[in-house]
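Please read these notes beside the coordinates.

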Amino acid sequence: MKKYRMPRLSLGWQIIIGLVLGIIFGVIFYHNKTAITAMQNLGTIFISLIQMIVLPIVVSCLTVGIANMGDIHKLGRIGGKTLIYFEIMTTFAIALGLIVGNITHPGTFINIHDLHGSDISKYMATAKSASHTGLWDTLMGIIPTNFFASLSAGDMMPIIFFSVFFGLGTAAIGERGQIIIDFLQAVSEVMFKVTNWVMKFAPIGVFGLIGMTIAEMGLSALAPLGLFVLITYLTMAFFIVVILGIVCKIFKIKYWPLMRVIKDEFLIAFSTASSEATLPRLVSKMEKYGVSQAIVSFVIPTGYTFNLDGSAIYQSLAALFLAQAYGIHLTITHQITLLLVLMITSKGMAGVPGASFVVLLATVSTIGVPMSGLTFIAGIDRFVDMARTSVNVVGNSVATIVIGKSEGEFDEEKNKQYLADFNG
């Protein structure tokens, strides 16, 4: 007799099921502390598993990639291109948020005094400590005085800085460095294998994270600010499809095939609101997609610190929303100043916990919005964070291919074969 096997659900469908079940359980167990704790722990387990594998992958892949590149001048050129590209896209994102805010005027449709505030003390504490760090402090913070301390703290930029120099040093000693390259190559292969195992827990983690959020806040938290959330989502969708679509057209990148390739990572980012959750798989997929290992391992981790397009859109939209809600008229000069301030503060806060909200805290005072105004949108921050994290993932995927193509380090044949196998 012929055996029939049940078709296996793809990871994407498993995550969607986890997301839907999380919403249902969140509604059922609204304000149930026992259920919230259980779901929170499931989500925390998944995020902790991801954090466990992210740094070994970044260190091993980046060191091997830079060692194989072995040219400090080439590295400088790639680094310069990457940062310029990030700055241009971030500026576009901020400007888009300002344009949409001026057209739709979401803040004029609510009475700010009817909203209920949320606790933002943890953000205030972070903003207070972060506000003392100027440009020089930020630059100095990139250089690790103790690499292992940076590893334990999870500070991405010092880790990238060390790994780049370690890779260059490995290349500089020639054949004797091959043993280090072979070892770290094996480490990265092991960690990608571990990533596959960890991702089997992703649907359960997604269920826990979204369920906890809904159970704590309730869907009613979205109601008063529903228009603002909807406008934010539509603006981010416009950025992904139109702005990034144009970038893909310019650099001859097949946009929709790319979106199909990263759809699981998009769903993971949306449901967990964590960029780290997608980093290991995104590094692996971009290499298979045809971009060289050196480019992938440099651009993606750097992008998660400096190329936060979704966060930039949200910050500019939220700043205008609050100004409109408080009846504060912003001239073109004020808005250009706001754009410049956001460009600077968003880079200065890179790596700060809750960075998007902290940037808003550091920015809104420059346009006369009371800091207390942020308590009214803190409750929906998690829902908006899901969208902005997804935008960041797509933006960094496109950035990796753009830099790869600009350096002539994009394998068209490998790309065609991967897309054929992926769709097959």
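1. In this predicted model, helix 9 (residues 202-217) packs against helix 18 (residues 381-406) at an angle of about 150°, and the two axes are 10 Å apart. An angle over 145 degrees counts as roughly antiparallel, so helix 9 is roughly antiparallel to helix 18. Helix 9 contributes Leu209, Ile210, Thr213, Ile214 and Met217 to the contact, while helix 18 contributes Arg382, Phe383 and Met386. By type, the contact residues are six nonpolar, one polar and one charged.

2. Helix 3 (residues 72-104) packs with helix 15 at an angle of about 30°, their axes being 8 Å apart. Because angles under 35 degrees count as roughly parallel, helix 3 is described as roughly parallel to helix 15. The crossing of helix 3 past helix 15 is right-handed. On the helix 3 side the contact residues are Met89, Thr90, Ala93, Ile94, Leu96, Gly97, Leu98, Val100, Gly101 and Asn102; on the helix 15 side they are Asp309, Ala312, Ile313, Ser316, Leu317, Leu320 and Gln324. These residues divide into ten nonpolar, six polar and one charged.

3. Glutamine 324 deserves a separate look. This residue belongs to helix 15 (residues 309-325). Its relative accessible area is 13%, under the 20% limit, so glutamine 324 counts as buried. Leaving aside residues up to four places away in sequence, glutamine 324 touches Gly101, His105, Pro106, Gly107 and Thr108.

4. Histidine 105, one of the residues touched by glutamine 324, sits in the loop between helix 3 and helix 4 (121-130). Histidine 105 is not a glycine, yet has a positive phi of about 50°. With a relative accessible area of 34%, histidine 105 is partly exposed.

5. Histidine 31 also has a positive phi, of about 65°, although it is not a glycine. Histidine 31 is in the loop between helix 1 (11-28) and helix 2. Its relative accessibility is 52%, so histidine 31 counts as exposed.

6. Which residues touch the most other members of the largest nonpolar core? They are Tyr85, Phe239, Tyr289 and Ile377, in a core of 120 residues. Helix 2 (residues 33-69) gives the most to this core, with 13 residues. There is also a second, separate core of six residues, among them Ala35, Ile36, Phe207 and Ala215.

Definitions and conventions. Residues numbered from 1 in each chain as written. Predicted model: local features only at pLDDT ≥ 70, side-chain atom pairs only at ≥ 80, totals over all residues. Heavy atoms only, no water. Axes fitted to C-alpha atoms, helices over the stretch in contact; angles between N-to-C directions. Helix = DSSP H or I, 4+ residues; strand = E, 2+ residues; numbered from the N terminus. Parallel < 35°, antiparallel > 145°, perpendicular 65-115°, else oblique. Contact = heavy atoms within 4.5 Å. Nonpolar A, V, L, I, M, F, W, Y, C, P; charged D, E, K, R; others polar. Core = buried A, V, L, I, M, F, W, Y, C linked by side-chain atoms within 4.5 Å. Buried < 20%, exposed > 50% of the residue type's maximum accessible area, 1.4 Å probe, protein only. Left-handed = near helix turned anticlockwise from the far one by under 90°.
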